[in-house]
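Subject: Structure for your review

Dear colleague,

Please find below the structure I mentioned, together with its sequence. I would be grateful if you could read the notes that follow beside it.

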Amino acid sequence: MWRLLTVLFPVTVLAGPADVPVLFTNTTSTSFGQSVFVLGSIPQLGNWEPTRAIKMVPGSCVSSTCDWSVTIGIPEGTSYEYKFVKRDDCALCYSNAANIIYEPGANRSNNVPAGLPAPFTGKTFFLDRKST
């Protein structure tokens, strides 16, 4: 089962100094040796290339169900689509584009507003630019 969380995690991947940190979160179950990734329509999300998907970090696991999260820097004013995907975790698996299970349903979409981000409840969180 796929569902979104509205919890903040400390994992950050930034693409550039003018980018807005966007938090992606998802709660789902995985099999042993499998991880959750985010994949989308812009370079920061892998341009829909499975081998360039961004691996998320698990937390708060109960059995095989974990809260997965990652923060990715996305340029202001950018609109994008994305999906959460599952991939096997092995050295040879990462280069295999067929090693992917897409979440069901339509692509998710979002946009990063121009100017300073404002927090809101929804598919994604925008965090302030202060470094901690």
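The protein has 10 strands and 0 helices, and its elements follow the order β-β-β-β-β-β-β-β-β-β along the sequence. Of its 132 residues, 44% are buried. Among contacts with a separation of 6 or more, 68% join residues 24 or more positions apart. The exposed surface comes to about 6900 Å², of which carbon and sulfur atoms supply 58%.

As to confidence, the mean pLDDT of the protein is 79, with 73% of the residues at 70 or more. Strand β7 has the highest mean, 96, whereas strand β10 (residues 125-126) has the lowest, 40. The pLDDT is below 50 over residues 1-15, a stretch that has 50 contacts in the model beyond near neighbours in sequence. Residues 120-132 also have pLDDT below 50, and that stretch has 44 contacts beyond near neighbours in sequence. Where pLDDT is low, the predicted coordinates should not be read in detail.

I would draw your attention to strand β3. All 7 of the 7 residues of β3 (residues 34-40) are buried, so the strand is largely enclosed by the rest of the structure. This holds for both faces: Gln-34, Val-36, Val-38 and Gly-40 point one way, Ser-35, Phe-37 and Leu-39 point the other way, and all are buried.

Which strands pair with β3? One partner is β7 (residues 79-88), which pairs with β3 in the antiparallel sense over 7 bridges; here Leu-39 stands opposite Lys-83. Strand β4 (residues 54-55) is also joined to β3, running antiparallel with 2 bridges, and in this pairing Val-38 stands opposite Ile-54.

Two loop residues deserve a look at their backbone. Most residues other than glycine have a negative phi. Trp-48, although not a glycine, has a positive phi of about 65°. Trp-48 lies in the loop between β3 and β4 and is partly exposed, with a relative accessible area of 29%. Ser-63 likewise is not a glycine and has a positive phi, of about 60°. Its place is in the loop between β5 (57-62) and β6 (65-75).

With kind regards

Methods
Residues numbered from 1 in each chain as written. Predicted model: local features only at pLDDT ≥ 70, side-chain atom pairs only at ≥ 80, totals over all residues. Heavy atoms only, no water. Buried < 20%, exposed > 50% of the residue type's maximum accessible area, 1.4 Å probe, protein only. Helix = DSSP H or I, 4+ residues; strand = E, 2+ residues; numbered from the N terminus. Pairing = 2+ DSSP bridges. Contact = heavy atoms within 4.5 Å. Areas by Shrake-Rupley, 256 points an atom, 1.4 Å probe, with all protein chains shown as cover. pLDDT = per-residue confidence, 0-100.
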